[in-house]
Amino acid sequence: MTAPKLVDLTLGQAVFPMSEPMRLAAARAATGDLPARYPDRRGLRRFRAVLAQRHSGPQDSGPQDSRPRHSGPQDDGPQHSGPRQIRPEQVTVTCGATQAIVALLAGLCRPGDRVAIPDPGFPHYRRICRLLGLTPVGYRQPGAGEALEINELGSVLDHHRPAVLLWNSPSNPTGWVATADELRAAAELLRDRPVHVISDEVYEEMVFVGCHRSLTELLPPARASSVHSCSKSLSLAGWRLGYSISDESVAAGCAEAVWTLSMGASTIGQLTAMVGFVDSVTWAAQRRAELQDRCAVLNAALQSLECAIREPHGGCFLWLDARTPQRADELLIRLRDELRVQVMPGRAFGEHGESHLRVSFGATMPDVVEAARRITAATREVSETTPDRSDRATRVTGGAP
Ligand SMILES: Cc1ncc(COP(=O)(O)O)c(C=O)c1O
């Protein structure tokens, strides 16, 4: 008998068909008069104008603590009501948020500098630091609904004196979304410390509890940049498009690095994403609602694995605490080899991820349902043959405590 097809729940991409306006824009660009020259190194001016507008908002007094406000299909999208007015000159279009992080770090740091990164956190932060000859130092990333350990962050900054702090809300992998109080406390902490903040906001469109606010709104513009992703916000991961927002002098360094790395970002991608940001609001709300459904289906099935799971406030991951590294490994192997469901080992995200597994609910609904079905069926089988609960836990987890 052939093994069933592997269901891949590893990647942080929310898989959705393109919205109709984006599909039409891509077709128009491909069949029309698409300029075949190298693009402007900072990105198409009209795309940057759309992006600048998207992140500008009326003056206000800073973030209000909106929790427990739930985003949902009735919403127009995440709140970008920050006090800033962004100009197109502050925006640099990049090949994905990944390149935005590389380009910003290349412009802001010298080899040997330290960079504070969340742990657990996006594995590319470490890889990028290594590539650029920078030294990553970890600070604790909270789980969904947990409080940021602000004193620990303070002591990491004071002890290591990093040139840059990478901040990630909503968090990959934990699903934490910073509250207004946490943003204020972090801004207060950063006020007198000479560190540039790169706020990685790629999951800004995937917030389910609370609302997304940027830490950069509370910091002096010269000391804060943000990075954004069309992979996540528009489900265009294969188009490799993202952007950064900085003060103009930092943006100039970022554009210079983008020119060195890739001589700009794809023109057809920019024309397509531009329409996505302007014309796909309903699609974005429907997508967020479906992501919540995918999350609920998987979460219900994963309960049978007897891990601690915090419902994510944002992002597209369930972060399972298996309690020991050994049990995390056993579960990962069992899911992969017996149930043919592939998930990520938590240790890929840093020291604090060791006892965890990360399960993406960005996969299509049929894949999510199939994975949930296999997990539920396997654990039901075990519980039917072993009525004693403690014995069941042993069988399900392969002998872990
Ligand atoms: C936190 C975080 N930042 C950045 C990225 C990279 O995004 P992009 O595809 O736009 O390069 C990812 C991708 O998974 C991510 O999880």
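1. Helix H1 passes helix H9 in a right-handed crossing; a crossing is right-handed if the near helix is turned clockwise from the far one by less than a right angle, and left-handed if anticlockwise. Helices here are DSSP runs (H or I, at least four residues), and strands are runs of E of at least two, numbered from the N terminus.

2. This is a predicted model, in which local features need pLDDT of at least 70, side-chain atom pairs count only at pLDDT 80 or more, and totals for chains, interfaces and linings use all residues. Residues are numbered from 1 along each chain as its sequence is written.

3. The axes of H1 (residues 20–31) and H9 (residues 267–279) lie 8 Å apart, at an angle of about 150 degrees. Axes are lines fitted to C-alpha atoms, for helices over the stretch in contact, and angles run from 0 to 180 degrees between N-to-C directions. The two helices are therefore roughly antiparallel, a term for angles over 145 degrees.

4. Seven strands form an open sheet with mixed pairing, in the order E2-E8-E7-E6-E5-E3-E4. Strands E2 (91–94) and E4 (135–140) stand at the edges with a single partner strand each, so one side of each has no neighbour in the sheet. Two strands pair if DSSP finds at least two bridges between them.

5. E2 pairs with E8 (residues 242–245) in the antiparallel sense over four bridges. Within this pairing, Val91 has Ile245 in E8 as its bridge partner.

Notes: Parallel < 35°, antiparallel > 145°, perpendicular 65-115°, else oblique.
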